Structures are given as C-alpha cells and as structure tokens.
Amino acid sequence: MSARHATPLQALLVDDAFDGDVYPRESMARHTTYRIGGPARFFVRVGSLCALTRLVAVCEEQGVPWVVAGRGSNLLVADEGFPGVVISLGRDFRTLRADEEAGRFYAGAGVMLSAVVQEAFQRSLAGFEFAVGTPGTVGGAIAMNAGSRDEWIGSRVVSVTTLAPGRGLVRRAGDEVAWGYRSCSLPRDEVVVECELAAAKADPFYIRGKMEANLAKRKKSQPLNEPSCGSVFRNPEGASAAALIEGLGLKGERVGGAQVSPTHANFIVNTGDATARDVRDLIELIQERVEKAHGIQLTPEVRFLGFE
Ligand SMILES: Cc1cc2nc3c(=O)[nH]c(=O)nc-3n(C[C@H](O)[C@H](O)[C@H](O)COP(=O)(O)OP(=O)(O)OC[C@H]3O[C@@H](n4cnc5c(N)ncnc54)[C@H](O)[C@@H]3O)c2cc1C
C-alpha cells in the first residue's frame with residue numbers, strides 16, 4: 001500500500017511499530033458463536049493498551065465506526081458485514097492474577113470468563129459458579145452484566161478500568177456502576193480493559209457442587225451442540241421469554257437455516273446455513289407473535305452489528 005494514498009487508519013495498520021494483528025475483510029462468522037456474519041472492513045487484534053489507544057483515537061478522528069468484540073457469543077453480525085474496525089483484545093489484555101488472601105482476581109478484559117471460573121475453583125474461591133458454561137470474555141461479561149436469574153458478574157466487580165476515547169483510562173469502583181439486567185451503565189463507547197473481582201474462601205466441595213449443578217442444568221435445558229448466542233430475548237418483567245415463545249407453539253419454527261431450538265425456546269440456533277437475515281427475521285416473527293398474543297414486547301438480549 002503506498003503511503004501517499006493511505007488514509008491515517010491504513011497508515012497506522014501497516015506501521016511496523018503498531019502492536020497488533022490486522023485482518024482486512026475478515027469474516028465475522030469466524031469470530032461469533034453463531035458462526036454467522038459478513039466481513040469486517042478490518043478485524044484488529046491489539047496486543048497492548050498503547051495500540052488500542054492509538055487505534056481508537058484514529059478511528060474517532062477519521063469518523064471510522066469501531067467496536068470491541070470479545071468472543072462474539074452475544075453478537076449477531078449482518079450478512080453484509082461491518083464497514084468499520086472490529087477490535088479484539090489480545091496479549092496484554094489476557095492476564096489473570098489472583099490474590100488468594102485478599103480474595104481478589106485481577107483480570108484483563110480479554111481473559112475468558114471460563115478461566116476465572118476454573119481458577120476460582122482451583123483456589124477454593126467462591127462467587128463465580130453461576131458463570132460456569134457461559135462463553136465469552138471478562139470484558140464482554142461486564143458490558144453485558146452476564147449472569148443467571150439470581151447472580152451476575154456486576155455484583156463481583158470491585159473496580160473496573162475502561163479506555164474512554166479522548167479521556168484515557170477511567171477507573172470506577174464497582175458500586176459506581178449501575179448494574180442492570182444484562183446491561184450496565186458504562187458508556188457504550190468505552191472499552192473495558194481490566195477489572196478487579198471479589199471472591200470468598202469456601203469449601204471446594206461446595207464450589208464444585210454448585211458448578212456441577214449449574215452445568216447439569218445447562219446441559220439438560222440448552223442446545224449446547226448447535227451454534228447460538230444463548231438466550232435471544234430478555235425475560236420480561238414477571239414472565240419467562242422461553243415460556244411465552246413455547247406457549248405459542250414456536251419451538252422448532254424456522255426461517256431459512258435459523259430455528260427456534262426444540263430444546264430451549266429462547267435460543268435460536270444456526271442449523272448449518274443460517275444467514276443473519278434468517279435469524280433477524282425469526283426474531284421479528286417471534287416478537288410479532290408474542291406481541292399479538294400477549295401484548296408484550298420482547299427485547300433482544302443479543303447485540304446487533306452492521307444492521308441498518
Ligand atoms: C451457549 C451460550 C450460553 C450463554 N449463557 C449465558 C448466560 O448464562 N448468561 C449470560 O448472561 N449470557 C449468556 N450467554 C451470552 C454471552 O455468552 C454473554 O453475554 C457474554 O458475556 C458475552 O461475552 P463476549 O466476550 O462473547 O462478548 P461479545 O458477544 O463479543 O460482545 C457482546 C457486547 O459486549 C461488548 N463488549 C465486548 N467486549 C467488550 C469490552 N472489552 N469493552 C466494552 N464492551 C465490550 C460488545 O461490543 C458487544 O456489544 C450465552 C451464550 C451462549 C452462546
């Protein structure tokens with residue numbers, strides 16, 4: 001690429017000093033648990049905070065859309081792809097340190113949540129059993145306030161550090177963040193870079209028992225062998241999205257290669273050749289039917305990327 005014709009973004013991405021791996025026109029199907037999604041203009045795995053800061057600054061200056069993706073386990077990416085930069089947090093964001101005495105984990109946002117769950121178990125530290133079997137990264141879990149009906153990651157956050165475009169690093173105590181149902185009050189344009197998580201010493205048999213019970217429940221009730229994004233809709237106040245969908249006989253309903261899972265009605269699975277459009281149309285079909293039958297508007301939990 002000639003430097004003369006390069007945009008500032010292209011110039012940064014070809015700079016030898018840039019600490020990141022750059023994949024132009026990278027299929028997002030490779031980076032989502034749905035295995036669906038068209039190409040990102042650039043998929044960039046940044047290795048350091050410096051690289052992340054430079055990349056975000058250039059995108060902001062140039063008006064190039066950008067987004068951070070974790071494991072893509074809650075993302076539906078349009079078939080047309082994303083006309084901007086998808087940032088993945090690499091090397092320096094993948095460190096996990098434990099202080100057993102203090103009952104603390106210090107986790108980079110790119111660490112897999114499952115690594116925290118396993119590490120906690122190894123050290124007889126309780127508090128993360130609810131997350132067993134939840135795919136995704138620590139950063140994605142915080143952004144989504146991932147959890148079960150009764151427990152969620154936000155209640156474990158002692159502090160969280162983000163990169164705020166134009167401001168640099170911002171550290172907030174966990175109780176300065178409002179943790180909602182699959183949401184949190186952190187601004188959408190801030191990147192979670194690391195956090196401190198609280199755990200408590202406990203009997204390892206107690207921890208293992210809780211983990212096994214949660215995993216068994218998951219295996220029994222969720223289609224874990226088929227590509228999905230987990231629960232598609234939030235549970236409406238006082239109701240279960242799955243029960244509403246199942247009650248309308250929609251289990252097994254299909255649009256193209258997308259199907260309402262016969263195992264769990266709040267999961268839409270990719271049966272092999274589903275497009276993002278198929279999934280989106282099935283989501284809309286479910287919303288229309290539930291609205292018509294019950295007057296309830298189901299809100300998607302899955303995040304959409306690249307759609308109009
Ligand atoms: C089989 C299956 C089971 C699941 N079970 C559960 C469950 O029990 N409970 C639950 O809550 N969820 C569940 N999920 C959904 C999903 O795993 C969680 O929402 C997870 O926390 C998403 O993490 P991720 O790293 O994959 O994020 P992604 O899907 O990559 O991103 C999700 C959102 O977070 C943002 N994001 C990601 N990283 C960062 C960051 N570092 N800084 C700022 N924003 C960021 C993205 O921009 C996007 O908006 C399940 C999914 C599957 C496939």
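Visitor: Which elements each supply at least two residues of the shell around the ligand?
Guide: This is a predicted model, where local features need pLDDT of at least 70, side-chain atom pairs count only at pLDDT 80 or more, and totals for chains, interfaces and linings use all residues. Residue numbers start from 1 along each chain as its sequence is written. Helices (H or I, at least four residues) and strands (E, at least two) are DSSP runs, numbered from the N terminus. The elements that each supply at least two residues of the shell are β3 (66–69), β13 (191–198) and α4 (138–144).

Visitor: Which element gives the most to that shell?
Guide: A residue is near a molecule if its C-beta atom, placed from the backbone, lies within 6 Å of it. On that basis 33 residues surround the ligand, the closest being G70, G136, G139, G140 and G230. With five residues, the element that gives the most is α4.

Visitor: How many residues of the shell are charged?
Guide: Nonpolar covers Ala, Val, Leu, Ile, Met, Phe, Trp, Tyr, Cys and Pro; charged covers Asp, Glu, Lys and Arg; the others, Gly among them, are polar. The shell around the ligand has 15 nonpolar and 15 polar residues, and its charged residues number three.

Visitor: Why is T33 classed as partly exposed?
Guide: T33 lies in the loop between β1 (20–27) and β2 (39–46). A residue is buried if 20 or more other C-beta atoms, placed from the backbone, lie within 10 Å of its own, exposed if 12 or fewer, and partly exposed in between. T33 is partly exposed because its count of other C-beta atoms within 10 Å is 17.

Visitor: How far apart in space are T33 and E226?
Guide: T33 touches P227, S228 and C229, among others, leaving out residues up to four places away in sequence; contact requires C-beta atoms, placed from the backbone, within 7 Å. T33 and E226 are 193 residues apart in sequence, yet C-alpha to C-alpha their separation is 9.2 Å.

Visitor: Which residues does R182 touch?
Guide: R182 is found in the loop between β11 (179–180) and β12 (183–184). It is partly exposed, with 18 other C-beta atoms within 10 Å. Not counting residues up to four places away in sequence, R182 touches M144, N145, R234 and E301.

Visitor: Which residues have the most contacts inside the largest nonpolar core?
Guide: A nonpolar core is a set of buried Ala, Val, Leu, Ile, Met, Phe, Trp, Tyr and Cys residues joined through C-beta atoms within 7 Å. The largest has 87 residues, and those with the most contacts inside it are L55 and V116.

Terms used. Contact = placed C-beta atoms within 7 Å.
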